[in-house]
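Take a moment to look over the structure below. Then read on with it in view.

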Amino acid sequence: MTTILGIETSCDETAAAVVVDGHQVLANVVSSQVDLHARYGGVVPEIAGRAHESLLTPVIAEAMVEAGVNDGDIDAVAATHGPGLIGSLLIGVSAAKALALGWDVPFVGINHHEAHLYAALLEEPELEFPLVVMLVSGGHTMLIEFQDHGQYRLLGATVDDAAGEAFDKVARYLGLGYPGGPAIDNLSQTGDSAAITFTPPMRNEGLNFSFSGLKTAVVNHVRQDPDVDTADVAASFQAAVVDVLTHKVRLAARRVGAKGICLAGGVAANSELRERTLDICVEDGIQGFLPSRAMCTDNAAMVAATAWWRLRSDGASPLDLGANPNLRLPFIDS
Ligand code: KG4
Ligand code: ZN
């Protein structure tokens, strides 16, 4: 039995979790800074770094108490070391190294994207490979073939804005506040998704995505028709995003003969995307796995779960491993 303390501070969530053997979550504490950043309409790196500094120790303490574990019960300490905001990453990495050193246990540096991929396996350890994982967050939109543990192939990515960024920008333009995804998701429930036809660029061109033109299309539409119902705009925009995402994840799954599709990242919390993805999986006779909403957004349980696999395959990370804001997943060549 291996008990891992995971730490996540790559962006604006300060999180700590205690996970046994990569899937048994004893505690998963997330302190969101969303209220601190809301008035600026996005994450302010300096504010995020300072907030992590004051929040991380109590968040770790809370996770340990909730898990019912003491210092001596922890077998390894893991932290996200990239990609993300450098000032934020450094807080988590330094804390994890200090604790690992003090407790004389291994330190494991984790790639944030890999952690999102493992969020699905954490809740559903029986998932069969190959899987296609669609990682859709505020910073990334990637279609990844998850061939086996540690083996990933990039099938497609956004050429401009990330899907979550498009939600956030459109929501800001429509005056719906920050973060935009949940606001658009909620408002769309009362809107007519067929009211306006928005077509995302590159809809029929391979597995890459483009969202910035879609944002401009929304802005142009509202400028031309200022009295348009905001709920209809939100629902029509969301329908276009969900349409292109599900169309391409289906293509990707067919292309690689995937046994299943998983969603990951904050946008995977979107109700319509979740519903449509499951429809596709049923239609194509493959597994569909949607992590719980808590596991879609940034959390430390996915970091501890990934660390369990990484520790077994690569061993501990060196204590001079740095935080890397531009860390990439080691993709297999296509
Ligand atoms: O993965 P995440 O928590 O943070 C990173 O970007 O790494 O994702 C946050 C993004 C934001 O852009 C937010 O607007 C979006 O996920 N999001 C959603 C929903 N909930 C969060 N987008 C659409 N629908 C949602 N329900
Ligand atoms: Zn994330």
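This is a predicted model: local features need pLDDT of at least 70, side-chain atom pairs count only at pLDDT 80 or more; totals for chains, interfaces and linings use all residues.

Residues are numbered from 1 along each chain as its sequence is written, chains are lettered from A and ligands numbered from 1 in the order in which they are written, and side-chain values use heavy atoms, with hydrogens and water left out.

Start at the metal. Which protein residues are donors of the zinc ion (ligand 2)? They are His112 (NE2), His116 (NE2) and Asp298 (OD), and they lie 2.1 to 2.2 Å from the ion. Donors here are N, O and S atoms within 2.8 Å of the metal (3.2 Å for Na, K and Ca); water is not among the atoms, so sites may look incomplete. Along the chain, the donors follow the spacing H-x3-H-x181-D. The four donor atoms around the zinc ion (ligand 2) subtend angles of 93 to 148 degrees, which makes the arrangement irregular. The rule is this: four donors count as tetrahedral if all angles lie between 85 and 135 degrees; four count as square planar and six as octahedral if opposite donors are over 155 degrees apart and all others between 65 and 115; anything else is irregular.

Both histidines belong to helix 4 (residues 112-123). His112 and His116 sit four residues apart there, about one turn of the helix. Helices (H or I, at least four residues) and strands (E, at least two) are DSSP runs, numbered from the N terminus. Are these histidines buried or exposed? His112 and His116 are both buried. Buried means under 20% relative accessible area, exposed means over 50%, and partly exposed lies in between (1.4 Å probe, protein chains only).

Now turn to strand 4 (residues 76-82). Seven of its seven residues are buried, so strand 4 is largely enclosed by the rest of the structure. Strands of a sheet pair through backbone hydrogen bonds, either parallel or antiparallel. Two strands pair if DSSP finds at least two bridges between them. Strand 1 (residues 3-8) runs parallel to strand 4, and four bridges join them. Ile4 has Ala76 of strand 4 as its bridge partner. Strand 5 (residues 107-111) also runs parallel to strand 4, with five bridges. Val77 stands opposite Phe107 of strand 5. Between strands 4 and 5 the chain passes through helix 3 (residues 86-103), and this β-α-β crossover is right-handed. That is, with the strands pointing away from the viewer, the path from the first strand over the helix to the second runs clockwise.

Another sheet is open and has six strands, in the order 10-9-6-7-8-11, with mixed pairing. Strand 10 (287-289) and strand 11 (331-332) stand at its edges, each with a single partner strand, so one side of each is left without a neighbour in the sheet. Strand 6 (residues 131-136) and strand 9 (residues 260-264) run parallel, joined by five bridges. Leu131 stands opposite Gly260 of strand 9.

Next comes the largest pocket. Its volume is about 1200 Å³. On a 1 Å grid over the protein atoms alone, a pocket is an open set of points where a 1.4 Å probe fits, with protein on both sides within 12 Å along at least five of seven lines; lining residues have an atom within 4 Å of a point. The lining has 42 residues, and Ser137, Gly138, Gly139, Asp168 and Tyr178 lie nearest the centre. Helix 5 (163-173) is among the elements that give two or more residues to this lining. Helix 5 gives the largest share, six residues.

Finally, check the backbone. Most residues other than glycine have a negative phi, and most peptide bonds are trans. The bond from Gly82 to Pro83 is cis, with omega near -15 degrees. Pro83 lies in the loop between strand 4 and helix 3. Tyr178 and Pro179 are also joined by a cis peptide bond, with omega about -5 degrees. Pro179 is in the loop between helix 5 and helix 6. Asp21 is not a glycine, yet it has a positive phi of about 50 degrees. Asp21 is partly exposed, with a relative accessible area of 22%.

Notes: Grid points are joined across faces, edges and corners, and a volume is the space filled by probe spheres set on the points.
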